[in-house]
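Reader: Hey, can you walk me through this one? I'm new to reading structures.

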Amino acid sequence: MATTLSLFDDEPLSSGPVECLGQTFPNDEARRDHFLAILREKLKDPAFRKIEGFPIGSDEDILALSDPPYYTACPNPFIEDFIKQYGTPYDPDIPYSKEPYVADVSEGKNDPIYNAHSYHTKVPHKAIMRYILHYTKPGDLVFDGFCGTGMTGVAAQLCGDRSVVETLGYRIDADGTILEQEHSEGHSVWKPFSKLGIRRAILNDLSPAATFIAYNYNMPVDVYAFEEEANRILDEVEQECGWMYETRRTTGNAKGRINYTVWSDVFGCPQCGGEVIFWDAAVDKDAGVVRDNFDCPHCSKELSKRTLERAWKTSFDQGTERFLKEAKKVPVLINYSAGSKRFEKRPDDFDLQVIEKVELLQIAHRFPTTGIPQGDKTSEPLRIGITHVHQFYTRRNLATFSALYARAKSPLTKLALLGGYTVGLKTARFLPLRWIQKDTGPMKPHTAGTLYFPSLSGEQNWLNIFKSRVASSKRGTCRVIAGGGVIANSSASTSGCGDEQLDYIFLDPPFGANLMYSELNLLWESWLGVLTNNTPEAITNKSQGKSLDDYRFLMTDCFQEAFRILKPGRWMTVEFSNTQASVWNAIQIVPERKPLYSCRTMG
């Protein structure tokens, strides 16, 4: 009988005996300890560490991040055991025939599962489900070598969830037969095309950040324990750091709670040398505009951002234990709550004293001080003196975030925290026109795919961010099973699978120069302690010295690996979209290499 699932799991997970790869353990902790011991020994093997794409990190950091055999923050040495347990050897006498899937696929991105954990790009799991249902049967093994957040794994497991499959517009008979509606000559006919039941996935990505998200999506979660841990952490950090977000109302001495603080760039006038605060000089609140040209408040010379030079500040940095010079910003607006109402004000002496106190504070918890490398997307932070990861946080938010992260024990709690980076760093945007017009909220996430620092940034309260991320993570928790898939951290050119073992492949590869994953993911991975090995990263990148030809050959190696591990006559779907024809042409197989057996491209 096909294994079926229900979408949301509101029951505590069992702490009794568990079965894993044919072995039974008294509990899940014993299972993890057993396989961690095997992985620990494997990490001592120099040949294992030479596998292409092996991430950058110590044995202890890799082990701390891993949950073997289901997830290893390195190449997964248990993939062969997983295939032996769940796969079926290729048998040419068993017929397989599938026409290419030609229907248009359009799935929205307003799904709680899709939105639970953000990433630079991802495919909705329901879109992938349509392909998996078309090309596979229950129990088949699916591979995704560029898995990102693991949506292929989620899709494979939810092919066994009757309620989710029905949302795709399919009908399911009592025996699990799935039927799709076809229209012919004015008549509607339901035709069987698949069977209800989970498929199992082998997921791989070069990025530890991506595989960590994929692991959290593809393993069962005890929602009760997650909420309990999150509430405990919030209570403790509120006691430790809550004072940092206190402010005083403009009338009386009553205190309020800061929601966000707007910080403005400061420039120097080229004529008089006086400091020009961008917010004061350029944002015309009466006219409702941000002016391209404005007057110096000191000498009245007409200025523009192009003619100004940045003001700089030099201060002793606790993390690096040296003096660092970075572009100067000052607080210009505070949005705060008092009771059930919101108010706004210019930072006063009390607020400036709190900021100064935090600046002098010795942060009690560990935080990463990873240096920012030269890269195609890192020129912006380096240009303004942001040379280390921890400088992406205001001092107040670094103290609060590190206090939260130090207390986070479960993987999902850590992910909920790390996922708030889009709004919790100095790269978060404040849009003054929306603030002036009050038509929608002015606080916006960072500019996707970049490390851009806006002239007006919004420092949000990290305690509020964490609350929101906990709620989002809970909404996006879906019912999956342990053993529904395995996850590896390596190059897609070294899958760890044997020849002709897999039933279907879905790939969403990097799109040339569209996204610099390893540079962008540094902000996550520095906290995880394991970094991307970008040597085999399939992108075009001037800083890495990778041309379109390098991208071509790297992608070819990945496609060759896909061909090697796919059963003869089976299908691979490649999602690819790029506005540059040269990049699309680059992923075509190099003539002297062995061609793919079969492939469908979409996009």
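Predicted model: local features only at pLDDT ≥ 70, side-chain atom pairs only at ≥ 80, totals over all residues.

Reader: Ok, helices first. How do helix 14 and helix 15 cross?

Author: Helix 14 covers residues 395-407 and helix 15 covers residues 411-418; their axes come within 9 Å and cross at roughly 165°. That makes helix 14 roughly antiparallel to helix 15 (angles under 35 degrees are roughly parallel, over 145 roughly antiparallel, 65 to 115 roughly perpendicular, the rest oblique). The axes are lines fitted to C-alpha atoms, for helices over the stretch in contact, and angles run from 0 to 180 degrees between N-to-C directions. Helices themselves are DSSP runs (H or I, at least four residues), as are strands (E, at least two), numbered from the N terminus.

Reader: Which residues meet there?

Author: From helix 14 you have F401, L404 and Y405, and they meet K414, L417 and L418 of helix 15 (contact means heavy atoms within 4.5 Å). The residues of this contact of helix 14 with helix 15 split into 5 nonpolar, no polar and 1 charged. Nonpolar here means Ala, Val, Leu, Ile, Met, Phe, Trp, Tyr, Cys and Pro; Asp, Glu, Lys and Arg are charged, and the others, Gly among them, are polar.

Reader: And at what angle does helix 15 pack with helix 18?

Author: About 125°, with the axes of helix 15 and helix 18 (residues 462-475) 8 Å apart. Helix 15 and helix 18 are therefore oblique to each other. On the helix 15 side the contact uses L412, T413, L415, A416 and L417, and on the helix 18 side W462, F466, R469 and S473. Sorted by type, the residues of the contact of helix 15 with helix 18 are 6 nonpolar, 2 polar and 1 charged.

Reader: New topic: how many disulfides are there?

Author: The structure holds 0 disulfides (a disulfide is a pair of cysteine sulfur atoms within 2.5 Å).

Reader: Is C558 buried or exposed?

Author: C558 is buried, at a relative accessible area of 6%. Buried means under 20% relative accessible area, exposed over 50%, and partly exposed in between (1.4 Å probe, protein chains only). C241 also counts as buried, at 1% relative accessibility.

Reader: How many residues of helix 6 are buried?

Author: In helix 6 (residues 125-135), 11 of its 11 residues are buried. Among them are H125, K126 and R130.

Reader: Where's L360, and where's T370?

Author: L360 lies in the loop between helix 12 (349-359) and helix 13 (379-383), and T370 is in the loop between helix 12 and helix 13 too. L360 counts as exposed at 70% relative accessibility, while T370 is partly exposed at 22%.

Reader: What does T370 touch?

Author: Leaving out residues up to four places away in sequence, T370 touches T387, H388, V389, L522, S526 and L531. T370 and E525 sit 155 residues apart in sequence, with their C-alpha atoms 9.7 Å apart in space.

Note on methods. Residues numbered from 1 in each chain as written. Heavy atoms only, no water.
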